[in-house]
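Trainee: Please take one part of this model and go through it closely. I would like to hear about the strands and how they pair.

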Amino acid sequence: MIDTTDLTRNQDLVFKALVDAAVPLSAYTILDRLRDSGLRAPLQVYRALNTLCEKGLVHRLESLNAFVACARPDCHRHETVAFAICDQCNQVSEFSDTEVEARLDAWVRGREFRAERTTIEIRGTCKGCAG
Ligand SMILES: [Zn+2]
Ligand SMILES: [Zn+2]
């Protein structure tokens, strides 16, 4: 299980909003949902999201400009996390693959490229929506 005991109140609220949501949420949607809990400023949400992302509890989906709670607390030993995003129902499947990670790592090393971060996002239609 993830240890959330060291989160601040705002971080905890943002994290729970993402865990409760079945789909990725933008920072503004999170702010809307937490207004009643006392969050007023976008900066409060962005600060909380930054920390949650650093801790690996939350991931940012670049192509959606939205955030999801980590689906697999055990995934954080991996540098590279991949997402399959359904454009019909917005469901996100998070996964990591050591072979893909090794290949990307080899490519980057081979070109002496300094990687800051890697984003793998597959957009399409999930099994449920395709059926
Ligand atoms: Zn994760
Ligand atoms: Zn779907």
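Mentor: Two strands are said to pair if DSSP finds at least two bridges between them. With that in hand, take Phe-83: its bridge partner in strand 5 is Glu-121. This is a predicted model, so what follows describes a prediction.

Strand 3, residues 82–86, is joined to strand 5 by 5 bridges, and the two run parallel. Both strands belong to an open sheet of 3 strands in the order 4-3-5, in which the pairing is mixed. Strand 4 (92–95) and strand 5 (120–124) are the edge strands, each pairing on one side only. On average, neighbouring strands of this sheet are turned by 15° against each other, direction ignored. In general, the strands of a sheet pair through backbone hydrogen bonds, and they may do this parallel or antiparallel.

The other pairing to look at is that of strand 1 and strand 2. Strand 1 covers residues 58–61 and is joined to strand 2 by 4 bridges, the two running antiparallel. Within this pair, Arg-60 stands opposite Phe-67 of strand 2. The two strands form a hairpin with 4 residues between them, and in this hairpin Asn-65 takes a positive phi near 50°. Strand 2, residues 66–69, is covered on both faces. On one side Ala-66 and Val-68 are buried, and on the other Phe-67 and Ala-69 are buried. Phe-67 therefore has 20 or more other C-beta atoms within 10 Å of its own. For the chain as a whole, buried residues make up 21% of the 131 residues.

To place these strands in the chain, start from the order of elements. There are 5 helices and 5 strands, and from the N terminus on they run α-α-α-β-β-β-β-α-β-α. The domain assignment divides the chain into domain 1 (9–71) and domain 2 (74–130). Strand 1, at 58–61, falls within the bounds of domain 1, while strand 5, at 120–124, falls within those of domain 2.

The centres of the two domains, taken over C-alpha atoms, are 20 Å apart. Where the domains meet, 11 residues of domain 1 are in contact with 12 residues of domain 2. On the domain 1 side, the touching residues divide into 7 nonpolar, 3 polar and 1 charged. Over the chain, 52% of the contacts with a separation of 6 or more are between residues 24 or more positions apart. The C-alpha trace spans about 50 × 40 × 25 Å along its principal axes.

Terms used. Residues are numbered from 1 along each chain as its sequence is written. Chains are lettered from A and ligands numbered from 1 in the order in which they are written. This is a predicted model: local features need pLDDT of at least 70, side-chain atom pairs count only at pLDDT 80 or more; totals for chains, interfaces and linings use all residues. Domain bounds come from an automatic or database domain assignment. Two residues are in contact if their C-beta atoms, placed from the backbone, lie within 7 Å. Ala, Val, Leu, Ile, Met, Phe, Trp, Tyr, Cys and Pro count as nonpolar, Asp, Glu, Lys and Arg as charged, and the others, Gly among them, as polar. A residue is buried if 20 or more other C-beta atoms lie within 10 Å of its own, exposed if 12 or fewer, and partly exposed in between; C-beta atoms are placed from the backbone. Axes are lines fitted to C-alpha atoms, for helices over the stretch in contact, and angles run from 0 to 180 degrees between N-to-C directions.
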